[in-house]
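Here are my notes on this one, as numbered points. Have a look at the fold first, then read on.

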Amino acid sequence: MADSCLSKALLALITGVLLSGCAGSAPQLPTLGLPSAPSVEAASAEGAPPRPASAPGAAQETGTVVDQIGGQGGSATDIYSRVATGAMKCWFAVGGPLKPDYVYHATAAPPSRGGKAEIVIHRRDPTQANPRGPKAYRVDIDPTGDTSATVRVENMKMTDAFASAMTGDITRWTKGESGCSPSSAVAGWTPSAPQPVADAAPAAKAKTSKKPGAKPKDSAKSKAIAAPAQAKATASP
């Protein structure tokens, strides 16, 4: 009986040791998580076509494209020549709307290199030796062929009213028209009509004063005519 109890105790002890050893050496299974759904922004980016890489130093196209429908068009050099001529004759002529407060500056490539041109209107800064202050309005002329070009305008610091009038002029010049706007509702844009020149001052009146004892000219003339008659009467028998 005692041997039987001893055997059961030893068996229980051995079983406990074995179970504790197995529990300590059992490997831990990795915890698996559910995959997260992609965000809406990521899904949109994946579905969108890749953007073309910009060339180093390439300027981003900005501004508004000028409508050339119905115009004569022309090369970039032709269009630049018309726009530049119009700007100098209408905007920066004596009495022009931009003459007092703005400065004209332009650069243009030769026709052999495409004729790309840029016209920039700067705010005048009289405190500087170079009076070209901040950029106020810009015109870009980019060649698209031998006889065509894209014209873009951008208002940077010009008043909206002046920028609208300038864009209207550029549209006309780009299409082949010339000359300044005959009239405009923008205050100060169209120079007022010249005032008529005042009549010249009336000529000074002839002097009527005579020296004391002077005889009228008519009397002297009558005497000169009467003298030959008297001489003839004296000579007759």
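1. Some ground rules before the sheet. Two strands count as paired if DSSP finds at least two bridges between them. Helices (H or I, at least four residues) and strands (E, at least two) are DSSP runs, numbered from the N terminus. The model is predicted, with local features needing pLDDT of at least 70 and side-chain atom pairs counting only at pLDDT 80 or more, while totals for chains, interfaces and linings use all residues. Residues are numbered from 1 along each chain as its sequence is written, and side-chain values use heavy atoms, with hydrogens and water left out.

2. The sheet. What is the strand order in the open sheet? Its 5 strands go S1-S5-S4-S3-S2, with antiparallel pairing. At the edges sit strand S1 (64–65) and strand S2 (102–108), each of which pairs on one side only.

3. S2 and strand S3 (residues 117–124) run antiparallel and are joined by 7 bridges. Ala106 is opposite Ile119 in S3, and Ala108 has Ala117 of S3 as its bridge partner. S3 and S4 are also antiparallel, with 7 bridges between them; there, Val120 stands opposite Arg138 in S4.

4. Helix H3. Taking contact as heavy atoms within 4.5 Å, H3 (residues 76–91) packs on the sheet and touches S2, S3, strand S4 (132–145) and strand S5 (148–155). Its direction makes about 165° with that of S2; axes here are lines fitted to C-alpha atoms, for helices over the stretch in contact, and angles run from 0 to 180 degrees between N-to-C directions. The expected span of a helix is 1.5 Å times one less than its number of residues. With 16 residues, H3 reaches 21 Å from first C-alpha to last, close to the expected 22 Å.

5. What H3 hides. Buried means under 20% relative accessible area, exposed over 50%, and partly exposed in between (1.4 Å probe, protein chains only). Among the buried residues of H3 are Ile79, Tyr80, Arg82, Val83, Cys90 and Trp91. The cover over the buried residues of H3 includes S2, S3, S4, S5 and H4.

6. Helix H4. Residues 160–175 make up H4, which lies across S3, S4 and S5 and runs at about 170° to S5. The 16 residues of H4 should span 22 Å, and its end C-alpha atoms are 23 Å apart, which agrees. Its buried residues include Phe162, Met166, Asp169, Arg172 and Trp173, and the buried residues of H4 pack against H3, S3, S4 and S5. After H4 comes Gly176, with a positive phi near 115°.

7. The disulfide. How many disulfides does the rule give? The count is 1, using a cut-off of 2.5 Å between cysteine sulfur atoms. It joins Cys90 to Cys180, S to S 2.0 Å, and the link is left-handed, with -95° about the S-S bond. Cys90 lies in helix H3 and Cys180 in the loop between H4 and helix H5 (217–235), so the pair ties together parts 90 residues apart in sequence. Cys90 is buried at 10% relative accessible area, whereas Cys180 is partly exposed at 41%.

8. Aromatic pairs. Rings of Phe, Tyr and Trp (its six-membered ring) pair if their centres lie within 6.5 Å; planes under 30 degrees apart count as stacked, over 60 as edge-to-face and the rest as tilted. Searching the whole structure gives 4 such pairs. In one of them, Trp91 and Trp173 have ring centres 5.4 Å apart and planes at 45°, so the pair is tilted. This pair links distant parts of the chain, Trp91 in helix H3 and Trp173 in helix H4, 82 residues apart. Trp91 is buried at 2% relative accessible area, and Trp173 is buried at 1%.

9. The other ring pair to look at. Phe162 and Trp189 have ring centres 5.1 Å apart and planes at 70°, so this pair is edge-to-face. Since Phe162 lies in helix H4 and Trp189 in the loop between H4 and H5, the pair ties together parts 27 residues apart in sequence. Both Phe162 and Trp189 are buried. Ring pairs link Trp91, Phe162, Trp173 and Trp189 into a cluster.
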